Amino acid sequence: MSPNGSDTIIGDIALTSVRKKPEELRSHRWYGVNDLRSFGHRSRTAQMGYHPSDYMGKPVIAVVNTWSEINSCHTHFKQRVEEVKRGIWQAGGFPVEMPVMTLAEPFQKPTTMLYRNFLAMETEELLRSYPFDGCVLMGGCDKTTPGLLMGAISMNLPAIFLPAGPMLRGNWNGRTLGSGSDTWKYWAELRAGKITEDEWKGVESGIARSPGHCMTMGTASTMTSAAEALGLTLPGFASIPAVDSRHAQYASLTGQRIVEMVWTDLKPSDILTSKSFDNAVTTVLAMSGSTNAIVHLVAVARRAGVPLTTARFDELSRVTPVIANIRPAGKYLMEDFFYAGGLRAMLAELGDLIDGTQRTVNGKTLSENISDAEIFDDDVIRRRDNPLVPNDGLAVLTGNLAPNGAVIKPAAMEAHLLKHRGPAVVFKDYADMAARIDDEALDISADSVIVLQHAGPVGAPGMPEWGQLPIPQKLLKQGVRDMVRISDARMSGTSYGACVLHVAPESFVGGPLALVKDGDFIELDVHARRLHLDISDAELSTRQAAWKAPKRPFERGFGVMHQLHVTQADKGCDFDFLEEHVRADSDEPDIH
C-alpha cells in the first residue's frame, strides 16, 4: 500500500496459462503415493493434529523463520509468521514453520558474516530434504537476507521474501537518532569529552525503541531494498516500518501469493537475470547503501548463475545519482522514506536507469509495479535533477595495495579526504589496534593513514565489521572526526567516514595489505579509483618473499570449513563448493 492508504501494490495478479495439477506437486511424492513411506508421512502428520484434507493435493509451504529471543530486529516475527500462515491457509496451501539460524547482528560473535553461509546451507538443505513446494523467507537483519536468498536460489523452488521492516526513529532529548550512525557519532563525542556519561546513557535508551531492523541505510535496509528491486518481494514491502499495521497485512498477502507461485511454478530462476541484478545494484547506489551490499549481491548473483563483479558496481556507480537522502550519507531515516513514497517512488524517479521489463514475484513487471508511484517529499527522495550527490554512492578502488579491489563510500566521508597521501600507522590485528589506538605516545596525526591487518574473511575470522577504525582519542580532542582508514574488514552500513574496506586479497592470505609497514606512504584517489602503496615493485616483491603464513584461527567445527572454502571479498565470500548451484528441480535425488 502507498503511504496514503490506497492499495497500489498487488492489483490483479498476473496468472500464467500453465498450472500444475495436484499430482505434479513436489509434496505429492511424500503424501500422495500409495506406499509404506507415504503411510508414515501421513500418519505422522495426523499425529500433529492435521487431517488429510488440510494438506493432500495442496501446496506445502515452508515458512523459513529467523525469529529467536535474541534477535531484536525480528521480535515481531513471532506474530508475523501467524499472519503469513493465515494467508497461506486462505489461498488453499498448507503452511509449515521452519526455524533456522537467527544471525542476530548485535549479539553474535565474532561476526554474523562468519555464519551467513551456514544459514544459506541450512535453508537450501531443509528445502531439499522436506516435502516443500515453495517457501516464504522471513528475514531482514543484515545477513539473514542474503543467507536466505542464497539458499533458496540454489534450491530453486518458488520463493518469496518477507522483509522485517525498519524500526521507528530513535529519540533523545528532542533529537532524532539513527541506529548505528548516531552510536558512532556520540561515542566519539563521549571519548572527546563533549558529552557526559548520563547523556550517553540517554542515547542508549532512546536509539532503538521498536521491533525492526536498523532505520538508517544500513545493511539491513540496503539488502531488503535490493531484494525488492530484484523482484523477490511484494512491491512496496521493504519500505514499510516493522510496527506499521500495513506490514502485518503484507505478511498475509505474501502467504497468499506464494501459494499461487507454486501452482504456476514461478521460481527464482524465472525472475533473476543480469538485468534484475543491475536493478538491485542501481537501487543500492541510489540510496548510497551499505558497502556490504557488494559482497552480498555478488554472492547472491553467483548462486543464480549471474557473473556480477565489483567492476560492474563501479561502472553503474559512475552514472547513478544518490537520490535517497537517508543517513549516514544523508539526513533522514527509513520511516521518513516510507512516508515520502518509499522504494517504489524512488525506483520510478530513477526512470531509464532501471530496467522495468524485469519480472517480479507478483507476476507483473517492475514497471507495472511502480507505474503509479509518487514522491510526497522530494527532500527525502530527491529528484534526479537535484540529487544528494550526482554519482559515486559507492566506489571500487584498485592498485598495488588492492589488486582485486577495495570499496569505499564517498558520500559518507569528508570531501577533503577524497584525494589523500599520508604515512601508514599499522596495526597487525584488532587486539593490537585496541591496545594502542588511544596511547598518547602513538606517533599519529590527522594526515596519517590507519591500517588494520588480519581482519578479512579467513584471518579475523569471518570479516567482521571492524572497518570503521576508531580515531585516536588525542586527535578527537583536537577536533578530528575523519581520517583515511584501510582494512580488509567490512563496515556496518550505518557507519561513515573515509574507510577503505574489503581489500582483496586479504592480508591473512598474503595480500599486499600484509606487507605495509609503519611510515610507508599510501595514496588514495577516489575519483581515479586508485589505492597505492608508495614503494617500489622490487621492495614489494622482497617483502612478499619474506612473508610467512600465520596459523589459521580454527581447528574444528564449522570454522574449519569456513577457513578452507570461503572465497575472497571480491567473489562474495561464499563457499567455493556452493557457488555453482545445482537446480533441485532437474538434479534432485529420488527420495523414494
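Residues are numbered from 1 along each chain as its sequence is written. In this predicted model, local features need pLDDT of at least 70 and side-chain atom pairs count only at pLDDT 80 or more, while totals for chains, interfaces and linings use all residues, and side-chain values use heavy atoms, with hydrogens and water left out.

Reader: Is helix 12 roughly parallel or roughly antiparallel to helix 13?
Author: Helices are DSSP runs (H or I, at least four residues), numbered from the N terminus. The axes of helix 12 (residues 274-286) and helix 13 (residues 292-303) come within 11 Å and cross at roughly 170°; axes are lines fitted to C-alpha atoms over the stretch in contact, with angles from 0 to 180 degrees between N-to-C directions. Angles over 145 degrees count as roughly antiparallel, so helix 12 is, relative to helix 13, roughly antiparallel.

Reader: Which residues of helix 13 does helix 12 meet?
Author: Contact means heavy atoms within 4.5 Å. From helix 12, Phe277, Ala280, Val281 and Val284 meet, in helix 13, Ala293, Leu297, Val300 and Ala301.

Reader: Which element gives the largest share of the lining of the largest cavity?
Author: A cavity is a set of points on a 1 Å grid over the protein atoms alone where a 1.4 Å probe fits but cannot get out, and lining residues have an atom within 4 Å of a point. Ile294, Val295 and Asn404 are among the lining residues. Helix 13 and strand 8 (402-408) each give two or more; strands are DSSP runs of E, at least two residues. The largest share, four residues, comes from strand 8.

Methods
Parallel < 35°, antiparallel > 145°, perpendicular 65-115°, else oblique. 1 Å grid on protein atoms, 1.4 Å probe; cavity = no way out; pocket = protein on both sides within 12 Å on 5 of 7 lines; lining within 4 Å.
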